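Subject: A structure for you to look at

Hi there,

Here is the structure I promised to pass on. Please open it in your viewer and keep it beside you while you read the rest of this email.

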Amino acid sequence: MTREEIESREDESMMDAPQINKPKPEEFFNVNYLRIYYGKSNLFPYSDIHKWLSYGHDGKHPGCDEYYFGRREFSFTLENDVYLRYKSFKNASSMEDAIRSHFPYKIDIGAVYSVDPDKRHAYSQTGSNVFTPVERELVFDIDITDYDDVRYCCSGADVCSKCWPLMTVAIKVIHTSLTEDFGFKHILWVFSGRRGVHCWVCDPKARRMTNEQRSAVAEYFRVYKGNENNARKVALMGYSLHPFLARSYVDYLKGFFEGELQATQSIFSTKDKYEKILAMISDEDIQSELRGKWENSARSSLSEEAISLVRWEQLKNTLQSKKHKAPTLRMCVEEIVFTFTYPRIDLEVSKQMNHLLKAPFCVHPKTGRVCVPIDPNNCDEFDPLAVPTLSQLIEEINSGGSRMDVDDDSDDSDTSLLGKSVKFFRSSFLEPLLKSCKEEIESSYKTKIGKSKDSLSW
Amino acid sequence: MEVIRSQKRTPSNDTVSNPKIPLYLTAPQMEVRLEEFELFAVDRLRVLKGVSDGLARGRNPKEMDDLVDTLWKEHMRDPDASLMFNKDIISHFVLRLVYCRSDELKKWFLSMETALFRHRFRLQNFEAQRAIVGEFGLPYKAVTGAELEGLKERLGQVVRSLGQISPTVEAVYYKVPFEEVPDLVASRRVLIQKGYAFVAGSQLVSLVVTQFRSHISKALILTNRKWTTTIREREKDRLTPIVEALSTSYLGPDYSQSTEYAEISLKDIDQVAKSSFPLCMRHLFEKVREDHHLKHGGRMQLGLFLKGVGLKLDDALAFWRAEFTKKVGSERFDKEYAYSIRHNYGKEGKRTDYTPYACQKIILSAPGAGDHHGCPYRHFSEDNLRAALGRMGLSSRGMEGVMDQVRNKHYQLACTMTFEAVYGTSCDAGINHPNQYFEESQKILKSKTPPAPV
């Protein structure tokens with residue numbers, strides 16, 4: 001198999017990363033690999049995606065809506081940034097055919113509309129046949145570039161083992177809230193392929209939420225309100241934290257801040273770094289007191305991490321004794337912890353039903369990595385740098401001899417690079433979801449039948 | 001609801017039950033006299049416009065509570081409680097017919113009725129509020145006993161997080177699906193657990209207002225459908241003209257009879273246009289002088305205004321003739337334009353003495369290519385508006401205030417601010433009629449000029 005050179009625009013995105021040992025883009029992503037991935041290799045899980053987005057409407061039950069899948073919007077981004085919106089497919093095989101004829105660089109999933117997106121122009125914009133979204137998963141997008149002001153190891157598109165834990169903490173905080181506070185049950189977390197995570201909440205209740213309700217949930221999650229104009233981007237007013245924030249702080253954020261974060265980011269170890277933190281304390285005297293202690297500390301043999309921890313203790317003690325000086329100091333310690341660790345979601349993605357989001361199991365064109373699901377109950381184990389790349393998958397096929405059959409449920413598929421992810425998708429997410437969908441279709445059908453029976457009775 | 005000709009009222013079937021605020025869930029089953037159909041609606045409209053005005057002026061919630069209380073007592077009160085209740089219901093449903101007919105009207109009505117409901121609700125005592133919540137038939141249960149005990153600590157945390165230093169929890173909490181109270185969720189003002197929000201009694205307003213708004217919104221769509229398919233045609237000789245007039249009804253003096261301040265003669269007209277005309281009329285006037293022509297919309301808007309300002313019919317004919325004949329010739333003027341000027345003054349045809357347009361009507365008009373009528377604050381581009389305001393003598397600081405109102409679509413407030421900037425005085429009543437602008441302006445100018453020597 002020959003390799004093809006691809007557009008050099010791929011190289012531009014690599015400029016901000018150190019060039020040492022960075023493999024060239026053609027080595028893990030190119031259009032030929034993409035053809036194999038979406039082709040007959042049984043890598044991309046077409047039928048699983050179709051089953052998921054059909055939500056049980058497989059036509060086998062009289063209560064099914066056989067046109068449901070056909071009303072879902074997809075969009076394709078092709079080579080050269082050609083963008084095709086409002087694509088829809090009436091079944092799995094037409095979806096497969098379309099993907100196999102375009103080999104899109106990116107596939108996005110949109111909302112389920114009132115009519116087939118690709119037939120929307122046939123309907124007028126008024127009256128009862130308006131083209132409008134009717135269902136859409138509640139989605140979240142967390143991108144590590146939104147944390148650039150608090151991570152020192154990387155910036156921009158890069159991600160490493162030192163800063164990835166920020167994503168892990170974000171998953172834990174949001175996932176716990178979605179299940180404990182909002183009672184959602186069918187939640188899928190997906191690696192975005194390079195530097196973030198996406199979350200798909202698929203409960204029927206979630207899919208039917210209005211834009212206003214989605215906005216409310218997004219705002220509930222919002223704590224960080226930053227821009228260059230303010231130094232104190234997290235302002236926690238009142239006399240205590242809201243129970244959701246308190247639980248997040250006690251169960252995840254505090255431990256992470258005082259432990260792993262100090263080890264990986266050493267946020268107090270240099271003047272530049274600690275000045276940023278001092279700026280969050282709204283009292284000049286306290287700032288000076290701490291600055292005095294730190295500027296003049298003797299050259300010690302302690303590690304960066306140890307120095308940071310010592311300074312953090314000093315800060316905490318000082319603030320503890322002085323926090324009654326002003327309302328803005330009351331929860332200053334918590335504010336600092338939240339600034340460095342609390343999830344920063346992209347609000348716009350969550351607020352509107354018609355917002356498109358990348359499909360799971362797509363391949364990221366800049367990294368070649370597959371957008372695999374992440375287990376929220378085991379997210380500490382997830383390593384973004386160990387996610388299979390397109391080229392690795394192709395290698396595996398070549399060296400394995402016979403094709404890896406992803407539909408094979410035997411133990412062999414566990415050992416294939418992608419098989420494990422697909423298996424997880426099926427057993428932890430898809431199967432429970434479909435079971436619950438079928439129950440709902442069944443019960444609402446029974447209710448409908450029951451009602452019409454009553455109307456016929458004498 | 002049955003509308004009947006003047007007859008003695010038959011007692012209504014509606015019993016006045018405890019809730020003092022009706023929820024307008026179903027159309028009332030009662031007979032309404034034709035006069036009451038319009039009168040009740042006009043009174044309620046005065047309340048809604050008062051609410052609109054209060055909101056536009058940025059009144060805080062407590063001020064709005066007081067304003068609503070005052071407005072309601074002034075326009076809707078009746079010594080007989082059951083009559084007052086009936087008027088409340090009837091007027092609401094009539095206005096639904098009026099305001100369901102376009103998106104803009106629907107949006108306004110929905111906002112004002114929701115605000116009215118919100119503040120009337122806030123004025124009720126707790127028992128009355130609970131009764132109203134019950135009326136909605138919402139399956140919200142009060143949380144009691146063991147469940148409440150188990151939540152007490154976290155409910156206390158919520159209370160403290162909102163700035164109350166002691167974690168005292170209210171006596172009553174309602175368990176509500178979180179979707180029903182989006183604003184409380186967004187601002188983290190409630191405890192949420194397994195999809196339910198725990199709403200304090202004092203937070204009930206949010207709950208019911210969301211319900212109310214959603215119900216009225218859906219109802220308006222259904223009403224619109226019924227209106228366009230059956231009612232409008234069926235009632236074309238009776239209710240439809242009333243309904244159509246109500247949405248543009250302007251509820252102040254109509255300026256059809258000009259006052260002593262307002263008489264102007266032809267020789268003064270240019271000077272008076274510069275000193276006292278509002279921007280919309282200045283623009284039209286300038287265009288007539290410039291182009292020696294105006295299209296129909298402009299002729300109506302300016303022509304009726306001039307009548308209201310005190311221009312006699314003969315002077316009006318002379319004015320328009322002087323300009324138009326420069327373009328179309330004397331014969332064509334007599335044939336095509338003189339008639340309609342006389343018509344405006346009630347000297348032809350139906351002999352209706354037409355009233356000058358109020359701001360509301362002007363703002364809602366739709367000037368097209370070649371037209372110069374309409375409201376400049378709404379219909380001009382930002383650049384053109386700034387240029388026009390500059391010519392009126394506004395400083396750049398004054399202009400910013402006006403442009404701000406324009407951006408927020410408060411066109412009448414923009415005109416009021418212009419008035420205040422030009423004459424250096426405040427205008428608390430707010431401009432809502434071009435002739436009002438003219439009269440107020442003349443009052444100020446006359447009070448400044450010394451009386452002419454005898």
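Below is what was found, starting with a few ground rules.

This is a predicted model, in which local features need pLDDT of at least 70 and side-chain atom pairs count only at pLDDT 80 or more, while totals for chains, interfaces and linings use all residues. Residues are numbered from 1 along each chain as its sequence is written, chains are lettered from A and ligands numbered from 1 in the order in which they are written, and side-chain values use heavy atoms, with hydrogens and water left out.

**Chain B as a whole**

Chain B has 20 helices and 6 strands; these are DSSP runs numbered from the N terminus, with at least four residues (H or I) for a helix and at least two (E) for a strand. Of its 454 residues, 46% are buried (under 20% relative accessible area; exposed is over 50% and partly exposed in between, with a 1.4 Å probe and protein chains only). The accessible surface of chain B is about 22600 Å², and carbon and sulfur atoms supply 50% of that (Shrake-Rupley method, 1.4 Å probe).

The unreviewed UniProt entry lists Cys280(B), Cys359(B), Cys375(B) and Cys415(B) under "binding site"; positions follow the numbering used here, feature names are shortened, and annotations may be inferred rather than shown by experiment.

Cys280(B) sits in helix 11 (residues 279-291) of chain B, and Cys359(B) in helix 15 (residues 359-364) of chain B. Is Cys280(B) buried or exposed? Cys280(B) is buried, at a relative accessible area of 11%, and Cys359(B) is buried too, with 11%. Beyond its neighbours within four places in sequence, Cys280(B) has contacts (heavy atoms within 4.5 Å) that include Gly374(B) and Pro434(B). With residues up to four places away set aside, Cys359(B) touches several residues, among them Gln412(B), His433(B) and Pro434(B).

**A sheet in chain A**

In chain A, 4 strands form an open antiparallel sheet in the order 5-7-6-9 (two strands pair if DSSP finds at least two bridges between them). Its edge strands, each pairing on one side only, are strand 5 (138-143) and strand 9 (373-374) of chain A. Strand 6 (residues 187-191) of chain A is joined to strand 9 of chain A by 2 bridges, and Trp189(A) stands opposite Ile374(A) in strand 9 of chain A.

Enjoy exploring!
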